[in-house]
Amino acid sequence: MTARALLEVDGLHVRFPMRSGLMQRVTGAVHAVSGVDFTIPRGEAYGLVGESGCGKTTVARAVLQLVRPSAGTIRFDGADLTAMSARELAPFRRRVQAIFQDPFSSLNPRMTAGDILAEPIRVHRLVPQPEIAERVGHLLDLCGLPRRFVELYPHEMSGGQRQRVGIARALAMEPDLIVCDEAVSALDVSVQAQIINLLADLRRELGLTYLFIGHDLSVVRHLCDQVAVMYLGRIMERAESEPLFATPAHPYTRALLDAVPDPDPEHEAGREVEPLQGEVPSPSAPPPGCVFHPRCPVAIDRCRQEEPALASVGSRREAACWLAEPKPRRDTSIKKQEVSL
Ligand SMILES: Nc1ncnc2c1ncn2[C@@H]1O[C@H](COP(=O)(O)OP(=O)(O)OP(=O)(O)O)[C@@H](O)[C@H]1O
Ligand SMILES: [Mg+2]
C-alpha cells in the first residue's frame with residue numbers, strides 16, 4: 001500500500017446469479033469480475049479498457065458501492081468500503097461520484113440545470129442556503145457553460161452540453177474520485193475531445209482522481225496515467241499509459257491495439273492486421289488455463305492448462321501471460337496527437 005493511494009481494489013470478485021426456467025431458479029453464476037487488483041494514486045487518472053462484457057462496468061459499480069463484491073476489498077482513502085454498513089458508507093458516497101455514457105437518462109427532464117445542480121448542494125448542506133445560487137453559477141463556469149443555462153431543461157441542450165451538466169452535478173458533491181463509465185463514448189469526435197480536455201483541466205484545477213472506462217483507446221491514452229486491460233473479468237496487462245501503448249506485452253493488448261483502424265487511409269490499406277479470431281467466451285463457463293488461449297495467436301500447451309498470474313514484465317508494468325514480452329508495435333496507428341488540444 002502506498003501512502004498516496006486514493007483507491008485500492010484488491011482481489012475483487014463479483015458474481016451474479018444466473019436464473020432460468022419458470023421458477024427462476026438459480027442455475028449457475030456469471031463470474032463478471034474474477035480477481036481484479038489495481039491502485040489509483042491520488043490525483044491520477046486510471047484507465048480500464050477491454051471488449052464489451054469483460055466486466056468494466058461491474059468494477060465501476062463495485063467501486064460506487066452499487067453492487068456488493070462476492071470477495072475482495074475496496075479501500076478508499078485507507079478505509080475498506082466493503083466492510084461498512086450503509087450508514088458508515090454515507091460520507092464516502094458523496095466523495096465518489098459517477099459520470100455515465102448517457103446523461104440524458106440520468107438528468108431529470110422536468111428540472112432545469114439550475115435545479116439539477118442546486119439539489120445535491122441543498123440535500124447535503126454543502127453551502128449555506130443564500131450561497132447556493134452563486135455555487136451553481138460557479139459550477140457552470142467550471143464546466144464551460146454560460147450562466148444562462150440555469151434556466152434550461154436537458155432537452156434544450158446538445159449532447160455535449162448535457163454531459164457538461166452531468167460533470168457539474170458530479171462536481172457539486174465536491175468528490176475526490178470520479179468514475180467515468182464510457183463518459184464520452186456517445187458523443188461526436190469533436191465534442192469528445194472538448195469533454196476530454198475539460199476533464200483533464202478539472203483534474204488539474206481541482207486535484208481530482210479518475211477511474212476512466214473507455215472503448216476508445218486513443219482517448220484513454222490521452223487522459224490516463226496508467227491503464228489496465230481487462231478480458232473476461234481479469235486484468236491481462238497493466239502499465240503506465242505510454243509503455244503500454246508503445247510496447248504492449250500481452251498478446252491480447254496487441255490484438256486490441258491492432259483492431260483500431262489507422263486514420264490514414266493509405267496506411268490502413270497496406271496494414272497487416274490479424275483480427276482476433278472467435279468470440280469472447282461466456283463468463284459463466286470460462287475456458288481452462290489462460291482464459292484468452294482459445295483466441296490467442298501464440299498460445300502454447302501450457303496456456304491451455306495453467307492460468308498465468310499477473311507478473312512483472314518491466315519497470316512498473318505487469319502482464320498475465322506465459323509468453324509476455326514488451327514488443328514495439330508494427331504500426332503507429334494510435335497517436336497521442338489524435339485528440340487535438
Ligand atoms: N446484473 C447482472 N446480472 C447478471 N449478469 C450481469 C449483470 N451485470 C453484468 N452482467 C454480466 O457480467 C459481465 C460483465 O458485464 P459488464 O457490464 O461489467 O461489462 P462491460 O465491460 O462494462 O461491457 P460494455 O463494454 O459492453 O459496457 C457480462 O457478461 C454481463 O452480461
Ligand atoms: Mg460497460
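In which hand does H4 pass H5 at their crossing? H4 passes H5 in a right-handed crossing, meaning that the near helix is turned clockwise from the far one by less than a right angle. The model is predicted, so local features need pLDDT of at least 70 and side-chain atom pairs count only at pLDDT 80 or more, while totals for chains, interfaces and linings use all residues. Residues are numbered from 1 along each chain as its sequence is written, and side-chain values use heavy atoms, leaving out hydrogens and water.

**Confidence**
- The protein chain has a mean pLDDT (the predictor's confidence in each residue, from 0 to 100) of 91, and 91% of its residues reach 70 or more.
- Residues 336-341 have pLDDT below 50, and this stretch has 15 contacts (heavy atoms within 4.5 Å) in the model beyond near neighbours in sequence.
- Where pLDDT is low, predicted coordinates should not be read in detail.

**Helix packing**
- Helices H4 (residues 113-123) and H5 (residues 132-142) have axes that come within 9 Å and cross at roughly 120°; axes are lines fitted to C-alpha atoms, for helices over the stretch in contact, and angles run from 0 to 180 degrees between N-to-C directions.
- H4 is therefore oblique to H5, since angles under 35 degrees count as roughly parallel, over 145 as roughly antiparallel, 65 to 115 as roughly perpendicular and the rest as oblique.
- Gly114, Leu117, Ala118, Ile121 and Arg122 of H4 make this contact with Ile132, Arg135, Val136, Leu139 and Leu140 of H5.
- The axes of H5 and H6 (residues 159-172) come within 9 Å and cross at roughly 130°, in a right-handed crossing.
- In this second contact, Arg135, Leu139 and Leu142 of H5 meet Ala168, Leu171 and Ala172 of H6.

**Strands and sheet**
- Strands E1 (residues 5-20) and E2 (residues 25-41) run antiparallel and are joined by 13 bridges; strands pair if DSSP finds at least two bridges between them.
- E1 and E2 form a hairpin with four residues between them, and Gly21 in the turn has a positive phi of about 80°.
- An open sheet of eight strands with mixed pairing has the order E6-E7-E8-E3-E9-E10-E12-E11.
- Its edge strands, E6 (96-99) and E11 (311-314), each pair on one side only.
- E3 (residues 45-49) and E9 (residues 226-231) pair in the parallel sense over four bridges, with Gly47 opposite Val227 in E9.
- H6 packs on the sheet, touching E6 and E7 (177-181), and its direction makes about 175° with that of E6.
- H10 (residues 251-258) lies across E3, E9 and E10 (234-240), running at about 100° to E9.

Definitions and conventions. Chains are lettered from A and ligands numbered from 1 in the order in which they are written. Helices (H or I, at least four residues) and strands (E, at least two) are DSSP runs, numbered from the N terminus.
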